[in-house]
There are 2 protein chains.
Amino acid sequence: MKDVAQRAGVAVSSVSRVLSGNPDVSPVMRNRVMDAVAALGYEKDLIAQGMRSGATSSVGFMAVDIANPIIAAASAGAIRELRNNGYSLLISSSDGSTELDADYIRSFQLRRVEGLLLSVADEEDVRTLDALEQFTAALVFMDRAFPRNIKASAVVYDHRSGMAAAVDHLLDLGHRKLALINGAPRVRPARERANAVRQAIRRVKEATVVVRGGSYSASHGYDACKTLMGSASPPTAIIVGGNQILQGVMAALVELGLKVPDDVSLVTLDNVPLAEFISPSLACVTRDPVNMGTLGAELVLELINGGTPRTVELPTTFVRGESCAAPRG
Amino acid sequence: MKDVAQRAGVAVSSVSRVLSGNPDVSPVMRNRVMDAVAALGYEKDLIAQGMRSGATSSVGFMAVDIANPIIAAASAGAIRELRNNGYSLLISSSDGSTELDADYIRSFQLRRVEGLLLSVADEEDVRTLDALEQFTAALVFMDRAFPRNIKASAVVYDHRSGMAAAVDHLLDLGHRKLALINGAPRVRPARERANAVRQAIRRVKEATVVVRGGSYSASHGYDACKTLMGSASPPTAIIVGGNQILQGVMAALVELGLKVPDDVSLVTLDNVPLAEFISPSLACVTRDPVNMGTLGAELVLELINGGTPRTVELPTTFVRGESCAAPRG
DNA sequence: GTCCCTTCTGGAATCGTTTCGATTCAGACT
DNA sequence: AGTCTGAATCGAAACGATTCCAGAAGGGAC
């Protein structure tokens, strides 16, 4: 910029005014500066701008696992929305480690992001909560609960309605012994699903449900499924709380020689792309993950521009499939 | 930092020295400064540091579609590796738009990233190439070819060996009319696959292959499959060049009432998580996408630290499946 | 006591912008 | 001619850190 000023024979402040579209510049000045800019191939330095203005035009995105298709889709939505508003996205992936979660929050803070979209690995982790309390920029939780003292917006799914519809369907088919193989109970979605299922089942007096919490992993699905199906009175229907878990469940069912839906009915989560070609087709509770990212980005921009925190709820839908049938006998 | 200096009764330069681990500080000075830092809750400003030193400790990641599971997995690998070296990752997703590609490259440049990992949407696009020539930081291409005049490292897949093995298998089963429903020919992987298939088929004189290029989309797969199978002499085996394309192909086959492998054999790409539960099991050419991200990150760090550009090749493997059988008759 | 050397510390310049107050100058008015 | 106004421009300070240079102590050796 100094070079540009020198070449144009003007002061750096004038160059800055021209480049920032300040109206107090004469046409002749504008031309001289623009010529010099073109001649020297000058490019502004966003770092220096950010340093001066305090606005880095960047937002952080904290995911448990960016390779998870649901989260990847959400990030794609956020990237799009933020790009349209001149913001860049810094992404992290904690791989489920709560220490990394806390570290990342601090790291984003040091980088002076203007906002943070996050799905923490554990809502109750002290280190994470500490880091969040220190955090000063805009905060938007994605499908997570957070303590009152933290001022933040949130975008959450209405897991209850989708789950309730699934349970209703199973009850209507005649199932009375259900099981939910759930994810980590320390995050909102798993809690909501468990609560929804427990509540929906009350409609039929003699119906019962077993909830098996664990991690969002194939191994948890595998173990839980084997245990459940090997018990004295196994469930006639299983609701699977995550696409990773599903893999383990499917593997376990194959090993046990159990057929879906003949031996056990199955409801799963988040229709993954090729699932429609699995036979029998899988009944599932779906949602629009891209939307979560888009909305999250909108909320964070709102906060950055001085808006007040608010929570937005997105729907989930139950989709029937051949994997659900009346129980035997 | 000024506040810290004032509270400790020392100069800012001394505070900086203490905090940056400069050996020229007395223990008493160190203690006074550290006390003041703790008392004031001081946190360094990475923006200001970056401005002064020119090192932003950030790297860009440019994907065609971050929601694609392969790319998402690669980004997860890159994030992990970069995090371990103190770098943050800025992610973009161009949704296949070449203009956005060029814009993003410039945007990363303005943000002074120290390196860029990228998969461009079109290797030959002029605007993209222009932007790349202007780009001054470290450059690592992910499974893309690039012109000689651009100094960059690259991590590429050996698509040929996996594809050749697939073709060999089909030829051995007796197939003589193959088809490859391919992605966009303006990027390396699609070109490599097409070339590999054309070359491998020569082993058997009377064998032929039709290559149908297009986009990496379900609709392309659907259209191409319908056209191919509706032709006078349809192929007896189809190789599908992408997981999005596969969806369209599967849908088309269902509509046409064609059974795999009875009516047509199928080889696909990039075993997606639940594919193993699709019946018949899908033969596919697989690779390790996380590795691409990890290696890409290593290469970019190498360049940042003054290393010379180099290209690393990763293997692909053909995995047999029930979707391949001898052709009818 | 002087000189030199080492060790530590302070002050100032610097990175690339933006912005504020000051300055210049042309033209209008008295 | 003198004063005033407003537009256009300039110079300098500031953002928050790092780093170089100079200088101040302190310790030994003579």
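How many residues has helix H12 (residues 289-304) of chain A, and what span does it reach from its first C-alpha to its last? This is a predicted model, in which local features need pLDDT of at least 70 and side-chain atom pairs count only at pLDDT 80 or more, while totals for chains, interfaces and linings use all residues. Residues are numbered from 1 along each chain as its sequence is written, chains are lettered from A in the order in which they are written, and side-chain values use heavy atoms, without hydrogens and water.

**View 1. Helix H12 of chain A and its span.** H12(A) has 16 residues and reaches 23 Å, close to the 22 Å expected at 1.5 Å a residue (1.5 Å times one less than the number of residues). Helices are DSSP runs of H or I of at least four residues, and strands are runs of E of at least two, numbered from the N terminus. After H12(A) comes A:Gly306, with a positive phi near 95°.

**View 2. The N-terminal cap of H12(A).** A side-chain oxygen of A:Asp288 lies 3.1 Å from the backbone nitrogen of A:Val290.

**View 3. The interface of chain A and chain B.** Each chain contributes to the contact (heavy atoms within 4.5 Å), with 47 residues from chain A and 47 residues from chain B. H5(A) gives the most to the side of chain A that touches chain B, namely seven residues.

**View 4. A salt bridge between the chains.** B:Arg80 pairs with A:Asp95, the closest N and O atoms lying 2.9 Å apart.

Methods
Polar contact = N/O pair within 3.5 Å; in protein donor to acceptor, adjacent residues only side chain to side chain. Salt bridge = Lys/Arg side-chain N within 4 Å of Asp/Glu carboxyl O.
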